[in-house]
Amino acid sequence: MNSSNLIGKPLLEVDTPSLLLDAEAMQANLNLMARYFQGRPAKLRPHFKSHKCSRLARLQMQAGAVGITCAKLGEAEALADAGIRDILIANQIVGPIKIARLVALARRAAPMVAVDSAENIRMLSEAAAAAGVTIRILVEVNIGMNRCGVEPGTPALELARLIHSLPGLKFEGLQGYEGHIVDLRDEAERTVKVRAAMKPLVETRRLIESIGLPVHIVSGGGTGTYTITGDLPGIDEVQAGSYACMDWWYSDIRAEFRQAQSILATVISRPTANEAVIDVGRKGVGAEFGPPRVKNLPGARVDKFGSEEHTTVTLPDGQTLPVGGRVEIIPSHGCTTSNLYREYIVHKNGVVTDVWPIDGSGKMQ
Ligand SMILES: Cc1ncc(COP(=O)(O)O)c(C=O)c1O
């Protein structure tokens with residue numbers, strides 16, 4: 001069945017595996033996050049990578065987000081296609097092919113990119129100036145994740161100066177992502193470590209401001225740290241994304257958000273009295289933080305997870321789930337799960353209310 005014909009139909013008529021989105025739970029998550037940022041100096045710029053769905057991104061904007069964060073140029077193009085202008089690509093856009101696309105994007109939106117090298121800055125400037133566009137830039141600072149980013153202090157200041165001196169670029173500020181500690185299980189430990197990691201980022205801001213260069217945006221943070229990073233003086237934007245749809249990895253430490261996304265699957269085999277094999281495996285479940293969990297089936301759990309298209313659910317004694325029965329599972333990692341599907345089946349009270357394209361799905365370039 002064409003999935004748009006599903007609107008108004010019960011979930012029983014949805015084929016499997018499908019990615020479900022509970023509309024009420026998702027909206028409650030957006031509202032809760034929006035309330036947190038209301039009246040605060042820091043604002044929310046949600047990360048698109050978590051759901052990759054521009055319909056959802058538009059709802060986040062309606063709920064007060066100042067713009068959207070994304071990881072890839074292809075995601076930024078999808079957001080621009082959906083009419084969203086203020087887009088942070090929280091990564092380095094490198095090489096002539098991508099820079100040409102970025103320049104084209106700058107003609108129809110207001111993209112901002114992260115940089116951490118002088119070569120990249122010069123190439124961006126040359127291309128932007130030649131095309132007569134302005135590209136907004138954040139200097140990425142390494143605050144302990146040891147991925148990309150220059151060291152805090154003088155190295156970041158030097159790149160800021162260079163950006164400011166070149167045509168076609170606007171120095172907007174700094175990015176520092178505390179990804180190595182964003183999901184620490186212990187809240188007290190997370191709080192202490194995140195505050196310590198963010199300190200050199202804010203100090204770098206003050207250093208750059210001290211030479212008379214305005215810093216408009218200092219951006220960082222995620223779902224695990226929005227109340228920590230988002231509460232620090234000197235931080236302007238928080239890039240949380242997972243909060244909208246959630247996964248069990250984050251549910252365990254951020255219980256204030258509801259589990260809005262799940263994977264609907266069908267039982268295809270009952271090999272033993274306590275086992276049900278369902279029709280989704282690694283190819284349909286983001287599982288970086290562990291196997292999926294079973295929703296709404298007390299005592300059921302996933303012990304065998306490894307096949308591409310099968311998952312074995314262990315059922316409690318006496319559970320009479322038949323072949324053909326339906327099971328919902330919750331992934332450990334929502335961001336990589338959404339990337340595996342082409343649409344969200346949006347539902348309320350067991351009925352499909354809408355079908356949203358996951359238009360950023362597969363946009364790796
Ligand atoms: C650059 C960046 N910012 C923010 C986030 C936060 O996302 P989440 O809400 O999943 O913690 C991520 C996640 O990987 C990220 O890579």
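This is a predicted model: local features need pLDDT of at least 70, side-chain atom pairs count only at pLDDT 80 or more; totals for chains, interfaces and linings use all residues.
Eight strands, in the order E2-E9-E8-E7-E6-E5-E4-E3, make up an open sheet with parallel pairing. Strand E2, residues 43-44, and strand E3, residues 68-70, stand at the edges with a single partner strand each, so one side of each has no neighbour in the sheet.

Strand E4, residues 86-89, and strand E5, residues 110-115, are paired in the parallel sense over four bridges. Within that pairing, aspartate 86 stands opposite alanine 110 in E5.

I turn now to the helices that lie across the sheet. Helix H5, residues 118-131, lies across E5, strand E6 (135-140) and strand E7 (169-175), and runs at about 155° to E5. Helix H7, residues 187-210, lies across E7 and strand E8 (217-220), and its direction is at about 145° to E7.

Strand E8 also holds a residue that I would like to examine, serine 219. Is serine 219 buried or exposed? Its relative accessibility is 0%, and serine 219 therefore counts as buried. Leaving aside residues up to four places away in sequence, serine 219 touches Leu88, Leu138, Leu174, Gln175, Gly176, Leu201, Glu237 and Gln239. As for distance, the C-alpha atoms of serine 219 and histidine 333 are separated by 23 Å, and the two residues are 114 residues apart along the chain.

The next topic is the packing of helices against one another. Two packed helices are described by the angle between their axes and by the distance between those axes. For helix H4, residues 96-106, and H5, the angle is about 45° and the axes are 10 Å apart. H4 and H5 are therefore oblique to each other. In passing H5, H4 makes a right-handed crossing. Which residues make the contact? From H4 they are Pro96, Ile99, Leu102 and Val103, and from H5 they are Asn120, Met123, Leu124, Ala127, Ala128 and Ala131. Sorted by class, the contact of H4 with H5 has nine nonpolar residues, one polar residue and no charged residues.

H4 also meets helix H3, residues 73-81; the axes of H3 and H4 come within 11 Å and cross at roughly 20°. H3 and H4 are therefore roughly parallel to each other, and their crossing is left-handed. On the H3 side, Leu73, Gly74, Ala76, Glu77 and Ala80 meet Lys98, Arg101, Leu102 and Leu105 in H4. By class, the contact of H3 with H4 divides into five nonpolar, one polar and three charged residues.

Finally, I come to the antiparallel pairings. Strand E10, residues 261-272, and E11 pair in the antiparallel sense over three bridges. E10 and E11 form a hairpin with two residues between them, and threonine 272 stands opposite glutamate 275 in E11.

A hairpin of five residues leads from E13 to E14, and phenylalanine 305 stands opposite threonine 311 in E14.

Conventions. Residues are numbered from 1 along each chain as its sequence is written. Side-chain values use heavy atoms; hydrogens and water are left out. Two strands pair if DSSP finds at least two bridges between them. Contact means heavy atoms within 4.5 Å. Axes are lines fitted to C-alpha atoms, for helices over the stretch in contact, and angles run from 0 to 180 degrees between N-to-C directions. Angles under 35 degrees count as roughly parallel, over 145 as roughly antiparallel, 65 to 115 as roughly perpendicular and the rest as oblique. A crossing is left-handed if the near helix is turned anticlockwise from the far one by less than a right angle, and right-handed if clockwise. Ala, Val, Leu, Ile, Met, Phe, Trp, Tyr, Cys and Pro count as nonpolar, Asp, Glu, Lys and Arg as charged, and the others, Gly among them, as polar. Buried means under 20% relative accessible area, exposed over 50%, partly exposed in between (1.4 Å probe, protein chains only).
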